[in-house]
Amino acid sequence: MSTIDPAVRLRELRDLIHEYDYRYYVLDDPTVEDAAYDALYRELKALEEAHPELADPNSPTRRVGGAVLDGFASRPHRLRMYSLDNAMVEEEWRDFVTRAANKLERDGVAFDAPTFWVDPKFDGLALEIIYENGVYAGALTRGDGEVGEDVTENVRTVRNVPLDLRPHAARAGLPVPRLLEVRGEVVMTRQDFYELNERQREQGGKVFANPRNAAAGSVRQLDSRISATRPLTFFTYAVGSQDWGDGLAGPGWATHGAVMAGLKALGLPLAGQGKVVAADEVYPYFEAMGRQRQELPFEIDGVVVKVDSLALQEALGFTDRAPRFAVALKFPAHEAETVLKHIDVQV
Ligand code: NAD
């Protein structure tokens, strides 16, 4: 039997994770690998579940990581941006489905033969891009989920972010939304990352530990002229707040798959691997993506699975920190790309 006092271990874990969060989300400069972080985080979560009497509202498990960097204006999100719960093994994926089915059953909602939207979990920085009357009107980082950093000028320089959706809407026969918030991840491709680090090394600039930190650090530049020189790519994964005007329902999207097709038709960039599958096809998709990940031009750390029906998503709702209708299936640690090795050889 362990002799470690749970209260002491909880304190240790919370302090450590707060420090790692600060380095990762605020400084874009992590000191541990994600797999090591994830193991500590899961230990903390398990300990908190075993000892509810030691709950702490300020525990890192209660919040979405991230904070507004000094120097950036902060702006509230109209709809909160959440994190995702993780599943590390197949059994946890099945637990996710069981939990969803149980919640819906309690609420008298049918969950027969549900389908799921699956796509890669991009390893970058979460962004919300705001379009007003079809025109680019701003961008926010996720921040703490409630309030993000205003990175409007920097994101304007990201080449594949459309600045005007109206011609696309006209071509697709879609109305132009009064307001459309698009969510996705800004990443740096491996090739762009290696070339950027080459240039940084030659010029005596900061060398980045991995593409995720390079992307995050480039978007969170106080000088947008520097962001403009950084090769960034945006991939859309969801929609936030929308207003199609005069009480119109808009295109009447009923599934996440339809939302993604609609966003694509409006000119937004999708990475291209997303699709709708049945429950028993989810894990094979995850395994196939694991085999394919090295061939993708950008880094991914797993697969995100979302209940496809928007009505069921609404019925499932959210916990403090994450949706109940989505889960991240993460690749096992031994497959994780070695972040700190890059630092060893490059610094
Ligand atoms: P997360 O990255 O595990 O999951 C949520 C995020 O996934 C969303 O905010 C979104 O940006 C992103 N995402 C990517 N592709 C997506 C898709 N297709 N659909 C929907 N969302 C998608 O959660 P988090 O809170 O951003 O970060 C936690 C993770 O960050 C940890 O599990 C750990 O791996 C890493 N982390 C590492 C350190 C460290 O020191 N190494 C510190 C803090 C966090």
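In what order do the strands of the open sheet with mixed pairing run? The order is S2-S11-S10-S3-S9, so read it across the 5 strands, where two strands pair if DSSP finds at least two bridges between them. Helices (H or I, at least four residues) and strands (E, at least two) are DSSP runs, numbered from the N terminus.

Before going further, a word on what you're looking at. This is a predicted model, in which local features need pLDDT of at least 70 and side-chain atom pairs count only at pLDDT 80 or more, while totals for chains, interfaces and linings use all residues. Residues are numbered from 1 along each chain as its sequence is written, and side-chain values use heavy atoms, with hydrogens and water left out.

**The mixed sheet**

At the edges of this sheet sit strand S2 (86–87) and strand S9 (275–278), each pairing on one side only. Further in, S10 and strand S11 (residues 326–330) run antiparallel and are joined by 5 bridges. Here Gly302 stands opposite Lys330 in S11. Helix H3 (residues 90–106) lies across S2, S3, S10 and S11 and runs at about 175 degrees to S11. Angles run from 0 to 180 degrees between N-to-C directions, with axes fitted to C-alpha atoms, for helices over the stretch in contact; contact means heavy atoms within 4.5 Å.

**The antiparallel sheet**

There's also an open sheet of 4 strands, ordered S5-S4-S7-S8, with antiparallel pairing. Its edge strands are S5 (135–141) and S8 (233–243). From one strand to the next, the twist averages 25 degrees. Strand S4 (residues 125–132) pairs with strand S7 (residues 179–187) over 8 bridges, and Glu128 stands opposite Arg183 in S7. Helix H7 (residues 211–219) packs on this sheet, touching S4 and S7, at about 40 degrees to S4. Helix H9 (residues 256–265) packs on it too, touching S7 and S8, at about 110 degrees to S8.

**Around the ligand**

Now for the ligand. Around it are 25 residues, and Tyr25, Asp38, Lys121, Arg142 and Glu185 come nearest; a residue counts as near if one of its heavy atoms lies within 4 Å. By class, that shell has 13 nonpolar, 2 polar and 10 charged residues.

| Residue | Distance to a ligand oxygen atom |
|---|---|
| Tyr25 | 2.7 Å |
| Glu185 | 2.4 Å |
| Lys330 | 3.0 Å |

Taken alone the ligand exposes 820 Å², and the protein buries 94% of that, going by Shrake-Rupley accessible areas with a 1.4 Å probe.

Notes:
Polar contact = N/O pair within 3.5 Å; in protein donor to acceptor, adjacent residues only side chain to side chain. Nonpolar A, V, L, I, M, F, W, Y, C, P; charged D, E, K, R; others polar.
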